[in-house]
Amino acid sequence: MAGGGKAPRPPLGVSTLALLATFIALFSLVPLGYVGYMTVATGWDTVMELVIRPRVGELLLNTILLVVFTVPLCLVLGVGGAWLVERTTMRGHRWWALALAAPLAIPAFVNSYAWASTVPSIAGLGAGTLIATLSYFPLVYIPVAATLGRLDPAIEQSAASLGLGPWSVFFRVVLPQLRIAMAGGALLVALHLLSEYGAFAMIRFDTFTTAIMVQFQSAFSGAAGNMLASVLVLLCMLLLLAESKARGNARYSRVGFGAQGLAFRLRLGGHEVASQLALLALIVLSVGVPLYSVLRWLIAGGSEIWSPDEFIPALLQTLGYGLGGALVTVVVAFPMAFLAVRHANWFSKLLELSNYVTSSMPGIVVGLAFVTVSIRLAPGIYQSAYVLLAAYVLLFLPRALVNLRAGLSQAPRELEEAARSLGRSPALAFFRVTLRLTAPAAAGGAALVFLAIVNELTATLLLAPNGTRTLATAFWAKSSEIDYAGAAPYAMLMILISVPMTYLLFQQSKKAAGQ
């Protein structure tokens, strides 16, 4: 074959792609550089004065308690739900499999709006834990269910043949094999807790993110807000380190020949009714309450709240930013994904890591970074669509990157070499073969980025050009004025847009599990 077995060069060439990927990686470090620069510029004495004070201690305690309570609850609900769906004979398990992923279609701040309008007295740590758990447990459920679906049951059967009971097999054999999925899901939940603003502001629960937004609104890019952002970034880094340690270096893949057997489903017997009721209660609280509240306010508001002059521009701008941001993010992610798959080495891994570090930062920190940098270095583009799209790219790049990597790994380079040996030019072979095979994965990544942009609030509030009204910002403006009926159409539209993207995410997880 042409090329002597070497990886075929894409149209731009490997060196060009490496240069583009390096530029993207350096650009992605802007928020981290901003935090470091502001910390140094503030001066050590001022930093200590702003950080070592009772208010920061209160915010730190609130944030840590929120993570300590919510993450274990999400793990219990996510792992428990996945086990019931994938490993028991529970009736309707296929329906429950999709229902347990459905809460992801409802933004956390819409969930908070629903509870606050239904139970006006709801507030504080307990309310924050309840709403966050109901909003984010699918982040654990989906990867754990996918992992359970592809585990080889031979190990469990061997353990059972040695006399271990069902619970012993689960805790001693199955649970250790879920370690990576659980650690990854827990990390996602924790990072969402650190970055969430709207859900906690609505129930009057102070965290670092809500306090930073208050500082920004009162003093613009003040030193106090910047120092709070520095502490928040430090917490994000600690979470990344903790997830890496929890994940460990153990291998859980199956090695050997032969077909994988079907997993044995445990009969629930007398526990069937209790299990069904438990899942029903979870879905009612996480999906039923928000939908009931939104529908109730839609009915109460009547036709007057469906003002075309208001919601149609918000819908069009949301779709425009979502589609544009998704397209740009996939294009930007491609050079890095190509290098990671076709030319994997320490350099490509380092470039990839830089994007994951930046994406772990809360949207409010990324927003503050772009506000400060654009005002000081390029005031002409401050509060422009370009800056907002750049923030979206940095926040959601890994969503496209992970999908592109999977797609490229399933596009054998030998097919491209074969096309070239048949007389196709390198560019034509690349576009006709590699890009064509990668297109489904790219579409999946774009869909996930689109979903994230539709539901993004904090960075949009900080960076959106004057006159911009997305569904999220319009909903926030109405709900902040306690106009629950006026906010309902925007909440419903966000849910309707998010449903197909959530279904796509669920289907992708099943496909990864070979189901």
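Accessible areas here come from the Shrake-Rupley method with a 1.4 Å probe. On that basis, the surface of the protein chain comes to about 23200 Å². Carbon and sulfur atoms account for 68% of this surface. Keep in mind that the model is predicted.

**Stop 1: the whole chain**

Show the protein chain as a cartoon. It has 24 helices and zero strands. Now colour by burial. Of the 515 residues, 51% are buried. Next, think about contacts between residues at least 6 apart in sequence. Of these, 84% join residues at least 24 apart.

**Stop 2: H18 and H19**

Select residues 363–377, which form helix H18, and residues 385–409, which form helix H19. Their axes are 10 Å apart, and the packing angle is about 140°. Roughly antiparallel would need an angle over 145 degrees. H18 and H19 are therefore oblique to each other. Their crossing is right-handed.

Which residues make the contact? On H18, pick Gly363, Val366, Phe370 and Ser374. On H19, pick Val387, Ala390, Ala391, Leu394 and Leu395. Colour these residues by class. Seven are nonpolar, two are polar and none is charged.

**Stop 3**

**Stop 4: H4 and H8**

Hide those helices. Select helix H4, residues 54–87, and helix H8, residues 138–150. H4 and H8 pack at about 35°, with axes 8 Å apart. The crossing of H4 and H8 is right-handed.

Show the side chains in the contact. From H4 come Cys74, Leu75, Gly78, Val79, Gly81, Ala82, Trp83, Val85, Glu86 and Arg87. From H8 come Val140, Tyr141, Val144, Ala145, Leu148 and Gly149. By class, the contact between H4 and H8 divides into eleven nonpolar, three polar and two charged residues.

**Stop 5: helix H6**

Move to residues 108–118, helix H6. Is this helix largely enclosed or largely open? Ten of its eleven residues are buried, so the rest of the structure largely encloses H6. Select the buried residues one by one: Ala108, Phe109, Val110, Asn111, Ser112, Tyr113, Ala114, Trp115, Ala116 and Ser117.

**Stop 6: Ala99 in H5**

Helix H5 spans residues 93–99, and Ala99 is found in this helix. Ala99 is buried, with a relative accessible area of 9%. Ala99 and Tyr503 are 404 residues apart in sequence. In space, their C-alpha atoms are 9.9 Å apart.

**Stop 7: two threonines in H13**

Select Thr209, which lies in helix H13. Thr209 has 0% relative accessibility and so counts as buried. What does Thr209 touch, leaving out residues up to four places away in sequence? Its contacts are Leu194, Ser195, Glu196, Tyr197, Leu232 and Ile364. Draw a distance from Thr209 to Tyr197. It is 5.7 Å, C-alpha to C-alpha, for residues twelve apart in sequence.

Step on to Thr210, also in helix H13. Thr210 is buried, at 5% relative accessible area. Neighbours within four places in sequence aside, Thr210 is in contact with Tyr197, Phe200, Ala201 and Phe205.

**Stop 8: two loop residues**

Go back to the loop between helix H12 (198–202) and helix H13 (208–219). Arg204 sits there. Buried or exposed? Arg204 has 54% relative accessibility, so Arg204 counts as exposed. Check the backbone: phi of Arg204 is near 60°, a positive value in a residue other than glycine.

Finish with Ile482. This residue is in the loop between helix H23 (471–480) and helix H24 (484–512). Ile482 counts as exposed because its relative accessibility is 57%. Phi of Ile482 is positive, near 60°, and this residue is not glycine.

Technical notes: Residues numbered from 1 in each chain as written. Predicted model: local features only at pLDDT ≥ 70, side-chain atom pairs only at ≥ 80, totals over all residues. Heavy atoms only, no water. Helix = DSSP H or I, 4+ residues; strand = E, 2+ residues; numbered from the N terminus. Buried < 20%, exposed > 50% of the residue type's maximum accessible area, 1.4 Å probe, protein only. Contact = heavy atoms within 4.5 Å. Axes fitted to C-alpha atoms, helices over the stretch in contact; angles between N-to-C directions. Parallel < 35°, antiparallel > 145°, perpendicular 65-115°, else oblique. Left-handed = near helix turned anticlockwise from the far one by under 90°. Nonpolar A, V, L, I, M, F, W, Y, C, P; charged D, E, K, R; others polar.
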